Amino acid sequence: MTVSDSKVTWLTQDAYDRLKNELDELIANRPVIAAKINASREEGDLKENGGYHAAREEQGQQEARIRHLQELLRSAKVGEAPKDDGIAEPGMVLTVRYDGDDDEETFLLATREEGGSGSLEVYSPDSPLGKALLGAKENESREYQLPNGKTQKVTLIKAVPYSPEAAMSEG
């Protein structure tokens with residue numbers, strides 16, 4: 001079984017386009033990095049050539065990001081934003097209150113890629129909190145296990161569809 005068989009990432013068209021553009025730019029930049037490596041290699045002794053090692057490191061990071069984006073986009077399902085029905089699901093901005101705390105916390109329930117560069121915290125639907133809240137309705141309380149083994153009760157106050165404009169105004 002491959003990673004893409006078990007994991008589907010839902011992306012809005014906007015997020016898909018943004019990631020596809022990043023991938024295209026990284027691929028277009030490959031010859032630039034290769035030229036940088038070749039130029040550094042021609043400077044001589046590779047053991048003491050910081051420019052060469054930095055260029056190789058940059059190439060490695062870039063190739064890893066290219067592979068990650070290719071796999072993500074290959075397994076992505078592009079869909080509409082979730083309905084504004086007050087039910088917690090991926091793509092929703094959730095406002096919650098933890099039992100024993102008067103403060104509310106607002107975050108996007110989605111993958112890190114879906115969240116983009118907004119100032120909104122992003123929690124994965126696969127996280128303990130995300131799993132606990134999936135399918136919850138407004139004013140419904142759920143419990144989930146903390147890393148220390150204790151149980152935390154959380155109440156969903158509000159669930160609204162994510163929009164990039166809303167994310168920008170959060171911060």
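This is a predicted model: local features need pLDDT of at least 70, side-chain atom pairs count only at pLDDT 80 or more; totals for chains, interfaces and linings use all residues.

Trainee: What percentage of the residues in the protein is buried?

Mentor: A residue counts as buried when its relative accessible area is under 20%. The protein has 171 residues, and the buried share of them is 30%.

Trainee: Which pattern does the protein follow along the sequence?

Mentor: The protein contains 7 helices and 7 strands. Read along the sequence, their order is α-β-α-α-α-β-β-β-α-β-α-β-β-α.

Trainee: Are helix 3 and helix 4 roughly parallel or roughly antiparallel?

Mentor: Two packed helices are described by the angle between their axes and the distance between the axes. The axes of helix 3 (residues 30–41) and helix 4 (residues 50–75) come within 8 Å and cross at roughly 160 degrees. Angles over 145 degrees count as roughly antiparallel, so helix 3 is, relative to helix 4, roughly antiparallel.

Trainee: How many nonpolar, polar and charged residues does the contact of helix 3 with helix 4 have?

Mentor: The crossing of these two helices is left-handed. From helix 3, the residues taking part are Arg30, Ile33, Lys36, Ile37, Ser40 and Arg41, and they meet Gly51, Tyr52, Ala55, Arg56, Glu58, Gln59, Gln62, Glu63 and Ile66 in helix 4. By class, the contact of helix 3 with helix 4 comprises 5 nonpolar, 4 polar and 6 charged residues.

Trainee: Is serine 40 buried or exposed?

Mentor: Serine 40 lies in helix 3 and touches Asn49, Gly51 and Tyr52, leaving out residues up to four places away in sequence. Its C-alpha is 9.8 Å from that of arginine 56, which is 16 residues away in sequence. Because its relative accessibility is 8%, serine 40 counts as buried.

Trainee: Which residues is alanine 132 in contact with, leaving aside its neighbours within four places in sequence?

Mentor: Alanine 132 is found in helix 6 (residues 128–133), and its 9% relative accessibility means that alanine 132 counts as buried. Arginine 142 is 10 residues from alanine 132 in sequence, with 6.1 Å between their C-alpha atoms. Beyond those sequence neighbours, alanine 132 is in contact with Arg142, Glu143 and Tyr144.

Trainee: Among contacts between residues at least 6 apart in sequence, what percentage joins residues at least 24 apart?

Mentor: A contact requires heavy atoms within 4.5 Å. Among the protein's contacts between residues at least 6 apart in sequence, the share joining residues at least 24 apart is 55%.

How values were computed
Residues are numbered from 1 along each chain as its sequence is written. Side-chain values use heavy atoms; hydrogens and water are left out. Axes are lines fitted to C-alpha atoms, for helices over the stretch in contact, and angles run from 0 to 180 degrees between N-to-C directions. Helices (H or I, at least four residues) and strands (E, at least two) are DSSP runs, numbered from the N terminus. Angles under 35 degrees count as roughly parallel, over 145 as roughly antiparallel, 65 to 115 as roughly perpendicular and the rest as oblique. A crossing is left-handed if the near helix is turned anticlockwise from the far one by less than a right angle, and right-handed if clockwise. Ala, Val, Leu, Ile, Met, Phe, Trp, Tyr, Cys and Pro count as nonpolar, Asp, Glu, Lys and Arg as charged, and the others, Gly among them, as polar. Buried means under 20% relative accessible area, exposed over 50%, partly exposed in between (1.4 Å probe, protein chains only).
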